[in-house]
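Subject: Handover of the protein model

Dear colleague,

I am passing on the structure we talked about, with the sequence alongside. Could you please look through it before reading my notes?

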Amino acid sequence: MSAAIQRYHIGPRLAEIVVHNNTVYLAGQIADTLDKDARGQTEEVLAAIDRLLGEVGSDKQKLLSVTIYLTDMADYDAMNEVWSGWVVHGQTPARATVEARLADPRYRVEMSVIAAL
């Protein structure tokens with residue numbers, strides 16, 4: 001018998017959070033304030049990740065993997081400065097950062113997260 005799949009904040013195209021087998025999957029997180037630079041958008045994205053993980057009983061110390069999408073790799077250093085101040089040292093996840101065209105050209109940063117419960 002397989003474990004139940006729990007979905008939170010279900011929309012027409014995606015669930016914001018999916019939990020299965022003590023693993024948390026977050027949909028790609030983007031900033032709400034699109035006129036901010038990469039640093040400001042990264043701060044908003046990381047705050048959203050904290051909030052969503054907390055909602056299901058997890059936190060950033062339990063990150064397993066994070067994929068970061070940047071519209072321009074020129075924003076890499078600014079994003080990393082914010083990331084380095086947020087991530088728990090010694091508890092860093094596997095991570096990839098790629099340049100990608102995102103759904104709206106005003107998005108500078110999007111992050112997709114997998115964490116343990």
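This is a predicted model: local features need pLDDT of at least 70, side-chain atom pairs count only at pLDDT 80 or more; totals for chains, interfaces and linings use all residues.

Residues are numbered from 1 along each chain as its sequence is written, and side-chain values use heavy atoms, with hydrogens and water left out.

The protein has 2 helices and 6 strands, where helices (H or I, at least four residues) and strands (E, at least two) are DSSP runs numbered from the N terminus. Along the sequence these elements follow the pattern β-β-β-α-β-α-β-β. The radius of gyration is 14 Å, close to the 13 Å given by the globule rule for 117 residues, so the protein is as compact as a globular protein of that length; the radius is taken over C-alpha atoms, and the rule is 2.2 Å times the number of residues to the power 0.38. The C-alpha trace spans about 50 × 35 × 20 Å along its principal axes.

Of the 117 residues, 39% are buried, a term that means under 20% relative accessible area, with exposed meaning over 50% and partly exposed in between (1.4 Å probe, protein chains only). Among contacts with a separation of 6 or more, 68% are made by residues 24 or more positions apart, contact meaning heavy atoms within 4.5 Å. The protein exposes about 6700 Å², of which carbon and sulfur atoms supply 48%; these areas come from the Shrake-Rupley method with a 1.4 Å probe, and for residues only the protein chains shown count as cover.

Turning to the strands, two of them are taken as paired if DSSP finds at least two bridges between them. Strand E1 (residues 6-10) pairs in the antiparallel sense with strand E2 (residues 15-20) over 4 bridges, and the two form a hairpin with 4 residues between them. In this pairing, isoleucine 17 in E2 is the bridge partner of tyrosine 8. E2 also pairs in the antiparallel sense with strand E3 (residues 23-30), over 4 bridges, and here valine 18 stands opposite tyrosine 25 in E3. The hairpin of E2 and E3 has 2 residues between the strands, and asparagine 21 takes a positive phi near 50° in it.

E3 pairs in the antiparallel sense with strand E6 (residues 109-116) over 6 bridges, with valine 113 in E6 as the bridge partner of leucine 26. E6 is also joined by 7 bridges to strand E4 (residues 63-70), the two running antiparallel, and methionine 111 in E6 is the bridge partner of isoleucine 68.

Isoleucine 68 comes up again with alanine 96, which is found in strand E5 (residues 94-99): leaving aside neighbours within four places in sequence, alanine 96 is in contact with Val66, Thr67 and Ile68. Alanine 96 and threonine 67 are 29 residues apart in sequence and 4.9 Å apart in space, C-alpha to C-alpha. Alanine 96 is partly exposed, with a relative accessible area of 35%.

Finally, the helices. The buried residues of helix H2 (residues 76-86) are Ala78, Met79, Asn80, Val82, Trp83 and Trp86, and they pack against helix H1 (38-55), E4, E5 and E6.
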